[in-house]
Amino acid sequence: MLVRTLSALECTKLLATNRVAHLACAKDGKPYVVPIYYAHADNHLYAFSMPGRKIDYMRANPQVSVQVGEHGEGRKWKSVIVEGHFEELPDRIGHKLERDHAWEVLSKHTHWWEPGALKPVTPPVSDNVPHVFFRIVVQEVSGREALD
């Protein structure tokens, strides 16, 4: 097996062609990792969520990591790590253009809203609970690939 470093362009391509990532955040020294559905555009990862632990953690500590991976045949794989900064895109004056852009980028993909809108709770989440649009500003990116 050979492991090699991906170029910045190869990392960007992997981010652009995938939709599911693992988001790592931390609050009060306690780490939390969760899968998210995202879309990549203009050096940002855009996502959508219901309020919950990941949003609470990122509001408290906006420094995050995101991992995106692909598995190939046999032992082949690719992995990209993004070091970034959480930015909430609230439904308020002053954020309309950014929020509309997030909506536009995400809505290019089928069923983009489902993973962020569904929660395993009982009773069902109320319709008046505000959904959270956010983006991760990509500050650093690195990647590796394993080949047979």
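Predicted model: local features only at pLDDT ≥ 70, side-chain atom pairs only at ≥ 80, totals over all residues.
At 42% relative accessibility, D42 counts as partly exposed, a class that sits between buried (under 20% relative accessible area) and exposed (over 50%), with a 1.4 Å probe and protein chains only. Residues are numbered from 1 along each chain as its sequence is written, and side-chain values use heavy atoms, leaving out hydrogens and water.

- D42 is found in the loop between strand 3 and strand 4; helices (H or I, at least four residues) and strands (E, at least two) are DSSP runs, numbered from the N terminus.
- Most residues other than glycine have a negative phi.
- D42 is not a glycine, yet its phi is positive, at about 40 degrees.
- N43 lies in the loop between strand 3 and strand 4, and its phi, near 65 degrees, is also a positive value in a residue other than glycine.
- With 43% relative accessibility, N43 counts as partly exposed.

- An α-helix has 3.6 residues a turn, so residues three or four places apart point the same way.
- Helix 1 covers residues 8–17, and its buried residues are C11, L14 and L15.
- Seen down the axis of helix 1, these buried residues fall within an arc of 100 degrees (taken from the directions from the helix axis to the C-beta atoms), so they line one face of the helix.
- On the other side of helix 1, you will find L9, K13 and T17 exposed.
- The cover over the buried residues of helix 1 includes strand 3, strand 4, strand 5, strand 6 and strand 7.
- Helix 2 covers residues 53–60, where K54, I55, Y57 and M58 are buried.
- Seen down the axis of helix 2, its buried residues fall within an arc of 165 degrees, so they too line one face of the helix.
- Those residues of helix 2 pack against strand 2 (20–27), strand 3 (30–41), strand 4 (44–49), strand 5 (63–71), strand 6 (77–88) and strand 7 (132–147).

**A buried lysine**

- K54, in helix 2, is buried yet has no salt bridge (a side-chain nitrogen of Lys or Arg within 4 Å of a carboxyl oxygen of Asp or Glu).
- For K54, the nearest side chain of opposite charge is D56, 10 Å away; Lys and Arg count as positive and Asp and Glu as negative, while His and the chain ends are not counted.
- The side chain of K54 does make a polar contact with the side chain of S49, at 3.1 Å. Such a contact is a pair of N or O atoms within 3.5 Å; within protein, one must be able to donate a hydrogen and the other to accept it, and residues adjacent in sequence count only if both atoms are side-chain atoms.
- Leaving aside neighbours within four places in sequence, K54 is in contact (heavy atoms within 4.5 Å) with L23, C25, Y32, V34, I36 and S49.

**Nonpolar cores**

- In soluble globular proteins, nonpolar side chains tend to be buried together.
- A nonpolar core is a set of buried Ala, Val, Leu, Ile, Met, Phe, Trp, Tyr and Cys residues joined through side-chain atoms within 4.5 Å.
- The largest nonpolar core has 25 residues, and L23, L45, M58, V66, F134 and I136 touch the most other members.
- Strand 7 gives this core its largest share, 4 residues.
- A second, separate core of 9 residues includes A39, F48, V105 and F133.

**Charged pairs**

- How many salt bridges are there? The count comes to 5.
- R4 forms a salt bridge with E10, with the closest N and O atoms 2.5 Å apart.
- R59 and E88 meet in a salt bridge through their side chains (2.8 Å, N to O).
- R59 lies in helix 2 and E88 in strand 6, so this pair ties together parts that are 29 residues apart in sequence.
- E87 forms a salt bridge with R135, the closest N and O atoms being 2.7 Å apart.
- E87 lies in strand 6 and R135 in strand 7, so the pair ties together parts that are 48 residues apart in sequence.
- R135 is buried, with a relative accessible area of 12%, whereas E87 counts as partly exposed at 26% relative accessibility.
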